[in-house]
Amino acid sequence: MEHGRFELNQGARIRSVKSDDRYRSFDSHTSKASSLQQDDDRFPSYVQLYKSMIVKCVECNHLLPRMRDIFEDQDFMYVAKALEKRDIIDKEVYTTQRRLIDVFACELYKKLKPSEIIVDLFSKKVLNKEMLEAVKLEEQNKGELSATIVLIDNIWRCNENWYSLFLEVLCKHEYKDLVMEIDPLFLEGTLEAAESVTNISENFPEESLDEECINELLREIAESLNEPPLSERKPVEDDGSLPLKDDFKMLKLTTDSSLESKERIYLDHSDDEEESVNPKEELKLRSYQMELARPSLEGKNAIIVAPTGSGKTHVALCIIKHHMETIKSIRHPKVIFLVEQSALAEQQGKQCMTYLPFKVKVITGESQRNERMKSLNEWIARRDLLVVTAQILLNALRDGIVSVTDFSLMVFDECHHTNDNHSYNMIMNRYLDLKLQDRERAKTLPMVLGLTASVGVGRATMIVEAKRHIEKIMANMDAESIATVIENTTELEKYVIIPKQNLERVQKLETVLKPPLEKGSDQYTQWVSMLWRETAKINNKVVVRFFETCRKYLDLYNKALIIYEDARPSDALAYIFKEFKKWKHTVKADDTERIMRRMFDEIKSTLEDCSIDPCHRNPKLTNLRDIIGEHFRENPGARVIVFVKTRELAKAMETYMNETKELSILKPIQFVGVQANRENGGMTKVQQDETLELFKEGNHKVIIATSVAEEGLDILKCSLVVRYDHVTNEIAMVQSRGRGRSENSIYVVLASENSKTLKREEGNRIREAMMNRAIDKVRAELSTDEEAVLRRVREIQQAEKVTRDVAIKNRKVAQANFGAFEITCNSCQNMICMSTDIKKIQDNHHAALNEDILENVQVNCAKPYYEDDLISCGAGKVLCKNCGDSLGNVSVYKKAQFCILKCEKLKMIDKDGNSDSKKKWKKAPFTVPPLTQDDLERRIQGEKYVSS
């Protein structure tokens with residue numbers, strides 16, 4: 001047999017492939033394969049196409065001697081000797097050595113510079129030429145970490161003495177600390193070391209390697225060669241071929257962890273607790289769920305629109321399972337399941353591990369900080385299915401360490417967010433850019449699946465506009481189909497609980513404290529925010545300080561009025577006192593500050609009297625108490641979610657309920673987002689998870705939540721959902737209503753008489769009905785004139801692409817024209833640093849690196865609010881040295897101290913004196929580069945901000 005020619009006995013040696021075999025592409029290509037002659041140049045490409053089927057179907061024992069020659073020619077001497085039985089390999093030593101390296105892989109990833117050792121490894125024949133070039137190329141293109149992954153995943157393949165030679169080379173290049181961690185006995189050079197880690201071919205009797213051991217070794221080698229590295233991965237072309245350099249380039253290097261198996265050893269299980277291979281339960285779909293899955297099972301990009309509680313996640317799992325099984329003959333399947341919040345990631349991850357026979361990993365911002373494995377591209381190589389918060393993927397795409405083409409299927413949970421500047425849309429923009437400008441790479445794009453209970457109608461007031469909105473969502477998701485339940489509506493109604501909807505009107509509180517209509521409202525809140533932006537444009541320091549102080553007090557009183565409108569006067573007053581106490585320790589009072597405080601002090605006694613006056617009781621609270629009390633009398637085991645406007649109000653409502661006898665026995669607790677820090681009323685991911693678990697178990701039977709709990713959270717016993725005088729759009733209405741999962745659930749909107757809340761809720765119901773009619777029209781047109789709909793979708797994609805390109809060009813021009821920005825305190829315009837002094841840590845924390853920063857800020861020691869192996873956040877508070885306003889915190893990263901700045905506290909001034917402020921760093925008019933190793937070393941040697 002010549003290299004590249006396999007002569008197969010098609011009778012005796014090929015097992016039959018049934019018509020329902022999972023390798024379905026075999027039948028579709030039979031005529032092509034059978035027409036090939038043995039000297040056809042494309043034959044190796046067809047081997048690549050059908051390699052999974054060949055491994056399954058061919059009895060290849062008679063090929064082993066010839067395979068030995070091939071491996072030997074490719075410098076895989078380790079394998080060649082094993083096939084010939086020239087050297088006997090002990091299974092236990094062989095696997096133990098590999099696992100030792102794998103267990104300490106993360107330490108190698110952090111510390112190793114591959115370019116320093118690969119030449120020596122090549123000279124000792126630990127690496128072959130192709131491996132050497134692959135590591136070099138990976139380091140040039142993607143950096144040391146990616147190159148180390150390639151090196152470690154291939155270092156064991158060629159030389160039987162690879163382990164001892166590798167450790168010798170590490171010692172030679174001053175990596176003795178690594179060797180000490182991996183194998184202390186080797187470094188000591190004792191007899192025990194020689195017996196445990198040296199030549200694996202000399203110390204074991206020939207009979208120790210049986211045929212089963214050889215076959216297991218071959219299976220592991222076959223698995224390791226099954227997937228090319230991410231940088232080289234290519235799809236099968238339309239004709240089923242893959243361009244290969246020569247006949248046996250299918251034996252490529254892989255960045256996959258080829259050593260992962262059921263018997264893999266972990267010293268630290270924290271990184272692998274989500275892994276699952278054997279499903280715990282069988283996945284069964286109802287008829288209406290199969291109807292929802294149909295377009296995706298046919299290979300179409302689709303959006304599934306179905307009510308909450310209908311089992312959209314189960315539909316997605318069915319599609320994932322089908323995709324994994326059918327695409328493996330074409331490319332290596334890799335699925336990413338995107339969610340918006342960490343809590344949803346954990347929930348969906350558990351579903352995946354319960355029903356799917358694949359390796360699953362849940363990745364959130366919290367898990368990335370806590371685990372040894374930090375990089376998303378490392379997990380892509382190690383898992384079949386990743387459940388990831390969208391921002392993690394977007395950050396990795398921006399950093400260039402992954403591409404959307406690394407996946408074969410992308411699932412977007414709550415895909416109605418795929419619009420404007422949402423992270424979902426930013427991810428799909430990269431997908432669409434490839435589709436529209438690179439036809440070759442477009443062939444590698446993954447399949448897309450979106451899940452939602454409501455796509456919404458945007459600002460539409462007519463069916464035509466609603467259709468246009470839906471087509472825009474389709475364009476953003478590159479969807480060819482919208483799946484809804486049409487044929488099995490009776491079954492859907494049987495299983496899906498739609499809560500009974502009530503509107504509760506409450507007489508408006510009339511007191512001497514009644515604010516003007518526009519204050520304490522959403523409109524006034526927006527006005528205060530606009531005032532912040534406009535104040536930032538003023539360049540006179542005295543004027544800025546005056547306006548900023550006034551705005552700060554207006555913002556405080558507005559938030560207090562929101563609490564007063566919905567909770568008790570005492571809760572509103574307590575909030576004001578709490579903020580005053582914080583300011584006392586940070587703000588340096590000027591004349592305006594003193595005037596503002598004096599004005600409050602003049603009416604303080606009146607406010608305190610009102611807070612204890614029974615006449616000022618809020619009737620909405622009484623009504624809420626009665627609704628919850630009556631519900632629990634009828635359903636003692638029920639759960640209740642109360643949605644409120646703000647974090648401050650959630651805290652106030654929690655306090656009220658715990659101080660109210662009838663409600664305190666239900667142990668109410670707040671549930672808010674993780675975006676704000678602890679001082680500003682935020683929660684940590686751990687606190688969120690604990691709260692949800694306690695709620696499900698019944699330790700807390702009432703949750704007071706902000707919008708963070710509107711989407712996706714699955715609490716089966718929740719039977720009462722209350723929107724407490726707070727309504728947004730029709731999507732939020734559908735999502736929050738869907739939290740009621742129990743039978744006979746109730747959805748209540750509780751609002752003051754004549755408030756805009758009730759009008760908005762009624763408008764949302766009208767828009768929901770309009771959305772459903774618009775979806776029906778789009779689906780009907782897709783069935784009669786699909787090309788017309790898809791043409792409009794493509795036109796929208798092209799128009800959006802042009803808009804993005806223009807925006808990017810304008811941004812680059814602006815950055816080139818403006819140059820460096822002066823960064824000042826937003827309150828007083830005291831100089832802090834230049835924009836070029838700011839560097840990004842862990843793609844999240846923005847640090848000022850100017851050595852003279854302590855001339856501009858004051859640092860007070862504080863207790864860290866978050867710590868892990870790499871970073872400690874909040875070890876100090878950073879205050880403006882001039883006005884005392886809080887600007888950020890001191891964080892310790894890899895033993896270096898950094899002043900981390902909050903974007904919203906700063907003003908950015910260009911070279912022409914134009915100034916502006918932004919809420920988030922990603923909106924800044926300049927690009928913030930990542931922290932470099934040189935930056936880190938300078939800060940380690942630089943001035944300390946807080947005492948250790």
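This report describes the secondary structure and packing of one protein chain in a predicted model.

Residues are numbered from 1 along each chain as its sequence is written. Because the model is predicted, local features need pLDDT of at least 70 and side-chain atom pairs count only at pLDDT 80 or more, whereas totals for chains, interfaces and linings use all residues, and side-chain values use heavy atoms, with hydrogens and water left out.

## Overall composition

The protein chain holds 38 helices and 24 strands. Helices (H or I, at least four residues) and strands (E, at least two) are DSSP runs, numbered from the N terminus. Of the 948 residues in the protein chain, 54% are buried; buried means under 20% relative accessible area, exposed over 50%, and partly exposed in between (1.4 Å probe, protein chains only). Contact means heavy atoms within 4.5 Å. Among contacts in the protein chain between residues at least 6 apart in sequence, 73% join residues at least 24 apart.

## The parallel sheet

Strands of a sheet pair through backbone hydrogen bonds, either parallel or antiparallel. Here two strands count as paired if DSSP finds at least two bridges between them. An open sheet of 7 strands shows parallel pairing, and its order is E3-E4-E2-E5-E6-E1-E7. Strand E3 (360–363) and strand E7 (481–483) are at the edges with a single partner strand each, so one side of each has no neighbour in the sheet. On average, neighbouring strands of this sheet are turned by 15° against each other, direction ignored. Axes are lines fitted to C-alpha atoms, for helices over the stretch in contact, and angles run from 0 to 180 degrees between N-to-C directions.

Within this sheet, strand E2 (residues 335–339) pairs with strand E4 (residues 385–389) in the parallel sense over 5 bridges. Threonine 389 in E4 is the bridge partner of valine 339.

Two helices lie across strands of the sheet. Helix H22 (residues 390–399) lies across E2, E3, E4 and strand E5 (409–413), and runs at about 95° to E4. Helix H36 (residues 756–784) lies across strand E1 (302–305) and E7, at about 125° to E7.

## Antiparallel strands

A further open sheet has 4 strands in the order E15-E14-E23-E24, with antiparallel pairing. Its edges are strand E15 (831–834) and strand E24 (915–916), each with a single partner strand, so one side of each is left without a neighbour in the sheet. Strand E14 (residues 822–825) runs antiparallel to E15 and is joined to E15 by 3 bridges. Methionine 831 in E15 is the bridge partner of threonine 824.

Of its 8 residues, 6 are buried, so E21 is largely enclosed by the rest of the structure. Strand E20 (residues 871–880) and E21 pair in the antiparallel sense over 7 bridges, and the bridge partner of cysteine 873 is serine 891 in E21. The hairpin of E20 and E21 has 5 residues between the strands, and glycine 884 in the turn has a positive phi of about 85°. E21 is also joined to strand E22 (residues 896–901) by 6 bridges, and these strands run antiparallel. Glycine 888 stands opposite leucine 901 in E22. The hairpin of E21 and E22 has 2 residues between the strands, and lysine 894 in the turn has a positive phi of about 50°.

## Helices and their packing

Helix H32 (residues 647–658) has 12 residues and spans 17 Å from its first C-alpha to its last, close to the 16 Å expected at 1.5 Å a residue; the expected span is 1.5 Å times one less than the number of residues. The buried residues of H32 include Leu649, Met653 and Tyr656.

| Helix pair | Angle | Axis separation |
|---|---|---|
| H18 (residues 312–327) and H19 (residues 342–355) | about 50° | 11 Å |
| H23 (residues 423–437) and H25 (residues 463–477) | about 65° | 8 Å |

H18 is therefore oblique to H19, and H23 is roughly perpendicular to H25. Angles under 35 degrees count as roughly parallel, over 145 as roughly antiparallel, 65 to 115 as roughly perpendicular and the rest as oblique.

Thr313, His314 and Leu317 in H18 meet Gln348, Gln351, Cys352 and Tyr355 in H19. In the other pair, Asn425, Met428 and Leu432 of H23 meet Ala475, Asn476 and Met477 of H25.
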